[in-house]
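Reader: I am new to this and would like a careful, close look at one part of the picture, the charged side chains that pair up. Could you take me through them slowly?

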Amino acid sequence: MKVGYARVSTTDQNPDLQIDALENEGCTKIFKDYASGAKSDREGLEQALEFMREGDTLVVWRLDRLGRSLTQLIETVNTLKECKKFFKSLQENIDTGSPGGKLIFHIFGALAEFERDIIRERTLAGLAAARDRGRIGGRPRKLDENNISLARSLMDDDSYTTKDICNALGISKATLYRYLQENNRSTRSGE
């Protein structure tokens, strides 16, 4: 069975062109969404995927109707494949039920993986370059050495509660205890 899926980004747009093409392809059931392709929760697509049975084919007018990114497309098609379902895009003439369609999607998957690897390499190279320049990533520290010393002396004074100390320093209890614990470790290792 061929199950159609049509999507337009807003309710102002009309999905009739897509629906006509899906009907001409022989789709017996068509699901629609009026949502951006970037949204991950698309009710019509979810309903279509639930409706489909093993051996059915999900048909879309164009690839961009199924997902905005290559990663999103590949995830959806892989989900179909795991359930022994197929995918077909009319405009790009891709049909995962055929050997040629499977090949095209494997190539898409390889390209997406290559893109992720390149991004990861660039990120790691950028972090290494920043470290070489003395920059350390992460969140700025809340307390400097003077404030840690102040916190320690206030903790030793019974007239201040932990809450008072935290309010004065503008930090949470967890942050206070973490800094004091770090300071204890560094003091012990320096002895």
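Author: Let us start with aspartate 64, which has a relative accessible area of 26% and is therefore partly exposed (buried is under 20%, exposed over 50%, partly exposed in between, with a 1.4 Å probe and protein chains only). The model is predicted, so local features need pLDDT of at least 70 and side-chain atom pairs 80 or more, while totals for chains, interfaces and linings use all residues. Residues are numbered from 1 along each chain, and side-chain values use heavy atoms, without hydrogens and water.

Aspartate 64 forms a salt bridge with arginine 65, their closest N and O atoms lying 3.2 Å apart (a Lys or Arg side-chain nitrogen within 4 Å of an Asp or Glu carboxyl oxygen). Arginine 65, at 13% relative accessibility, counts as buried.

The structure holds five salt bridges, and another of them joins the side chains of glutamate 25 and lysine 88 at 2.8 Å, N to O. Because glutamate 25 belongs to helix α1 (residues 16-25) and lysine 88 to strand β4 (residues 86-89), this pair ties together parts that are 63 residues apart in sequence (DSSP runs numbered from the N terminus: helices H or I, at least four residues; strands E, at least two). Glutamate 25 is partly exposed, at 21%, whereas lysine 88 is buried, at 17%.

In helix α5, aspartate 117 and arginine 120 sit three residues apart, about one turn of the helix, and their side chains meet in a salt bridge of 2.4 Å, N to O. Aspartate 117 is partly exposed, with a relative accessible area of 29%, and arginine 120 is partly exposed with 48%.
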